[in-house]
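Work through the exercises below with the model open beside the text. Each task is followed by its solution in steps.

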Amino acid sequence: MQTLSFSRLSLKRSLMAILIGSALTLSPLAATAFEDELFSLKNRWEHTVTDMPANERESTLKALAVEAGQLAEQQRDNADVLVWQGIILASYARERGGLGALGTAGDARDVLERAIEIDPQGSNGSAYVTLGALYDRAPGRPIGFGNSDTAERMFQRALEIRPDGIDVNYYYAAFLKEEGNEQAAREHAQRAVEGTARDSRQASDEALRRDAQAILSDL
């Protein structure tokens, strides 16, 4: 009986070692697959919003939004994934336009606010920039959730995190121009023009730099 008990114990230990070893082996692979998928989404979004013809962007962003949603289902507590899902949804809503885009814009808002709950820095301010643009562009109540005071708070939070960001300053400048504050709009548009493009967002940041220059030309 003692020999049998020892054999069973050895077998259990062997099985446990195999399971632990498998988990350790699979975890890096799973992480790599997830990171590769997120990297691919970022690159395709960048190409879509900067290089793709306008008549192709909406359908492409819709497909990217589906992919981002699937990845977010697998990575529900990953703030970076949620931020990128929100960015893609916001871009899709902008391309759709009109009242039909309000549901998508609302989904983007909810996802980004969830990301901020997980990561108060909002992926280095990106969540706050996108939220600011959403609250700025959406119609107000009772039709939508647009609110200029909330947009202002979102932009200010983004500036606290990344004061020299091209995207932060461009979108804030556009907001300030709409609000009639031309002096502040000029200041932030100039900051956007002088900002340094991020390595991971080179094309889109350069596009926003050109848009900031256009704001300066209009003021």
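**Exercise 1.** State which residues lie nearest the centre of the second largest pocket, and describe its lining.

*Solution.* Step 1: Lys 42, Trp 84, Arg 198, Ser 200 and Arg 201 lie nearest the centre, out of 13 lining residues. A pocket is an open set of points on a 1 Å grid over the protein atoms alone, where a 1.4 Å probe fits, with protein on both sides within 12 Å along at least five of seven lines; lining residues have an atom within 4 Å of a point. The model is predicted: local features need pLDDT of at least 70 and side-chain atom pairs pLDDT 80 or more, while totals for chains, interfaces and linings use all residues. Residues are numbered from 1 along each chain as its sequence is written, and side-chain values use heavy atoms, without hydrogens and water.

Step 2: The space in this second largest pocket is about 230 Å³, a volume being the space filled by probe spheres set on the points.

Step 3: α3 gives the most to this lining, with four residues. Helices are DSSP runs (H or I, at least four residues), numbered from the N terminus.

Step 4: By class, the lining of the second largest pocket has four nonpolar, five polar and four charged residues. Ala, Val, Leu, Ile, Met, Phe, Trp, Tyr, Cys and Pro count as nonpolar, Asp, Glu, Lys and Arg as charged, and the others, Gly among them, as polar.

**Exercise 2.** Describe the largest pocket.

*Solution.* Step 1: Its volume is about 660 Å³. Step 2: Of its 34 lining residues, Ala 90, Ser 91, Arg 94, Arg 137 and Tyr 171 are the closest to the centre. Step 3: The lining of the largest pocket divides into 18 nonpolar, seven polar and nine charged residues.

**Exercise 3.** Determine how helix α2 and helix α3 pack.

*Solution.* Step 1: α2 (residues 54-74) and α3 (residues 79-96) pack at about 150°, with axes 9 Å apart. Axes are lines fitted to C-alpha atoms over the stretch in contact, and angles run from 0 to 180 degrees between N-to-C directions. Step 2: α2 is therefore roughly antiparallel to α3 (an angle over 145 degrees). Step 3: The residues in contact (heavy atoms within 4.5 Å) include Leu 61 and Ala 65 of α2 and Leu 82 and Ile 88 of α3. Step 4: The contact of α2 with α3 holds 12 nonpolar, three polar and five charged residues.

**Exercise 4.** Determine how helix α6 and α7 cross.

*Solution.* Step 1: The axes of α6 (residues 148-161) and α7 come within 10 Å and cross at roughly 155°. Step 2: That angle makes α6 roughly antiparallel to α7.

Methods
Helix = DSSP H or I, 4+ residues; strand = E, 2+ residues; numbered from the N terminus. Parallel < 35°, antiparallel > 145°, perpendicular 65-115°, else oblique.
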